[in-house]
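Trainee: Could you walk me through this structure? I have not worked with it before.
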Amino acid sequence: MKTLFKLASTSLVGMALLAGPTWAQDQIRTIHLLSRPQAAQPAEFQAVQLIAQEWRKLGLDVEVDVMPWEQMSSAVWYDRDKWDVTAWQMTGRPERSDPDEIIYNLFHSSTAESGYNFIGYSNPEYDAVVEKQRVTIDPAERQKLVRQAQEILAKDQPNMMLVHPEQAFAFDKNIWEEDSVVNQSGIGIRNTWTWLSLAPKTDQKDIIVNSSDNVIAVNPLYISGVTDSFITELLYDRLFRVGPDGLPTEWAAETFEWRDDKTIAVTIRSDMMWHDGKPVTAEDVKFSYETTTGGEAPMYAPFGQSISSVEIEGDNVVVFTLTNPSASFITSSLAKINLIPKHVWEPILADLATKEENAESYQEEMPIGSGPYKFDRWLTNEEIVLSANSGHFNAPQAERWILRLVPNAEAALGMLRSGEINFLTDFAGDPQVLIDAAEADGDIEVVSTVDIGFRYVAFNNRRAPFDDPAFRSALSSAVDRRLIVKAAFKGFAVASNSVVSPALEFWHDKAVVENFKAGPDIAKSMLDEAGYTIVDGRLAYPEGVKETLGE
Amino acid sequence: MSTLKPVLSRTFQLILVLWAVVTILFLMFRLMPGNPLAAYIDPTFTLEQQEALIRQFGLDESLLRQYFTYLGNLLQGELGYSFRYRTPVAERIWLLLPNTLILTFSSLIVAYIFGILAGAWLAWRRASRAEAFALPIVLATRAMPEFWLGMVLLAIFSFSLGIFPAGGTRSAGTEYESLWSLYTSADFLSHLALPMLTLAIYSQGLPLLLMRSNMLDVMKEDFVTMAKVKGLSPYTIVIKHGARNALLPVMTSFAISVGYQLQGNVVVESVFSWPGLGRELVSAVSASDYPLAQGAFLMIAVVVILMNLIADLLYTFLDPRISHA
């Protein structure tokens, strides 16, 4: 039977050779490119249309499938071998100021099955490099490895990087001293440092900001949304904070010392108080870390997973022992996990332990932290009011911080001009409209910043033809990113070829972006070189590769 | 006996309609594409954590079982837990309902007072130049989309003239001792003005046109001719004799308008950042928070159905010509 089959197949090949090249090469099936709807994601939708248009010029048959996020995420995330190409985004968060989360979780082969490497990229050389940077504590040494990882990605093009968007925020310069506004690298002027240093020029001492999202929860053990984290960052202290330059700096920690590459001793400040007047102790710090990793706070748990034990030495030293050396530990754990009062949370957690719900479902009536602002009140879907904690070691210059919930972007801009708000922290409209309005007004200063986050098109590396790096590179090179920046993002973005944003200057590899060449001719010659040819007007696989997924 | 029977049969119909609404709501949200919790399950969760969340919301049960649990909970006034806020839906709806009711009733009262007076006046001035001018305007206000009207009012009275604030129910950070002191404050009323006006302009057309056509009928009646012959003043004829008789159908339409107005709130509350039920419905739907959206829909449906019932019953009791016997 086996020989028979062999015979049959060789004769088939023979026949194919005789019949000419149309038989030898399989046409590539229709490629489905996923995008979210124009109404929800106008820039993404526009970019996808442009990309599909450029790919069609190469002879590919491309169909754009538009679907809402719920459907798209479950199609891409849970049916990992069923899709071809999809638009995707990673948002910028302060803890992503350390490149580890992005370069490791998104591309390491261990996370391909159910983790963040949903594209199924697998490259042993790459795995080795990102594993090594993880345990390399020396910054200069680690920088080399992080850049090497970016170079491998540029060569393999597992994803087609599009842009790092620019975020524009604005404030009233009649009310706030311009030089007291802090522009945090990759985050923008909307950040904790600004809320601390913002100095009033007049009697108006309330910082009034806006958000179009509702506040979901004010909970130190639940990552419930971008807006909510502005609030928890102000109410709760952390041992470290990510500084304006993107690197971690001591906060509730007075000093720290790496005893070896798996042990770090942190001395905490002695002058800290909870908002209810009780002192912050090493016991509270230990409790905070144990709670976070203890199963009641699943969203924070990954940030503490490298900790094997937390011990107290003397009055105010907390010693963390790690399971493995971790270079990003300070940024991703110590600057991320909120310090919570043991006397408040211990009874709550004891009660929750008997229930199906975890700490994420628990909303305190009056959240108690030790941070630079205290919780004042929360009017559902209207506003959150925090007042300055004058006893804090880094007390704010302003008196109150008030978040107004404004779903209408036009109204938010009108409010900035009328003084109903004085710091625009969320503007969903066209950035050009904001800039024009600021010019017309004269009192408004707009600051736009390149984001840590990025937009990209993910190739399903598990499926032909996207399992071929040469094919992916050619497709990626087919689209001039300047076109995407101008047409889809209206100029408010920078072209990208690296997952590490230029905002993270220390880690970003300039060369991979500068050396990236794009254009239809470049793409065509790359395809040609890899053996892809046009058969009957459609792009076909190199000789010997069969289409197995055609409909 | 003769008045009790229609009430009972109406109430029975009401229950039937409610059951249909509840069932459609249940099916509608479960037939949507994708995993209902997809938006709330963070991809970094382990499989165990994801399953725990699904169990917590009872989504691992069969559809039929979920349906009966849902019906059973509804009977006890339980609307379930919001996916997004992880808190009881009923709690959230009660928090937001007062804001919606204030906006709805204040705008309807303004619309009806204006509509009734203007309708009576227009009937009196039948075939005049005033009518030729006013009627097209009234028809135009009925045709204007509310969000557009809202944005125009915002642009004029808030952004350009700066007379009224652009959103919310009060100025940032102001505190009031009680709801009463809030609702009677100048601050609150100036925030209420624009959304109230938007809804009032939109809804004054119905009472106005209804009042006008009723008045035209009434004015043909003998007792009005009699009054004219007696030489009474136009005010006495229109208001005392005409309007009182023409008013009845307008008052019952008020009840039905409450229902329509709640739908209008969905849009207007979002334009004016008004913390009410309509805006919550929009955000719940766009965030796929199905239990909350379901609860808000249900609340609105209940009010609409109840108001229809009241309108029907008002007819029975107030107008002897209509009988359900």
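This is a predicted model: local features need pLDDT of at least 70, side-chain atom pairs count only at pLDDT 80 or more; totals for chains, interfaces and linings use all residues.
Mentor: Let us begin with chain A. Residues are numbered from 1 along each chain as its sequence is written, and chains are lettered from A and ligands numbered from 1 in the order in which they are written.

Trainee: How much of chain A is buried?
Mentor: Of its 551 residues, 48% count as buried, meaning that 20 or more other C-beta atoms, placed from the backbone, lie within 10 Å of the residue's own.

Trainee: And how many residues does each chain bring to the contact between A and B?
Mentor: Chain A brings 40 residues and chain B brings 38; two residues are in contact if their C-beta atoms, placed from the backbone, lie within 7 Å.

Trainee: Which helix of chain B gives the most there?
Mentor: Helix 6 of chain B does, with 4 residues. Helices are DSSP runs of H or I, at least four residues, numbered from the N terminus.

Trainee: What about the domains of chain B?
Mentor: An automatic or database assignment gives domain 1 (4-75) and domain 2 (95-323). Their centres, taken over C-alpha atoms, are 33 Å apart. Where they touch, 12 residues of domain 1 meet 13 residues of domain 2.

Definitions and conventions: A residue is buried if 20 or more other C-beta atoms lie within 10 Å of its own, exposed if 12 or fewer, and partly exposed in between; C-beta atoms are placed from the backbone. Helices (H or I, at least four residues) and strands (E, at least two) are DSSP runs, numbered from the N terminus.
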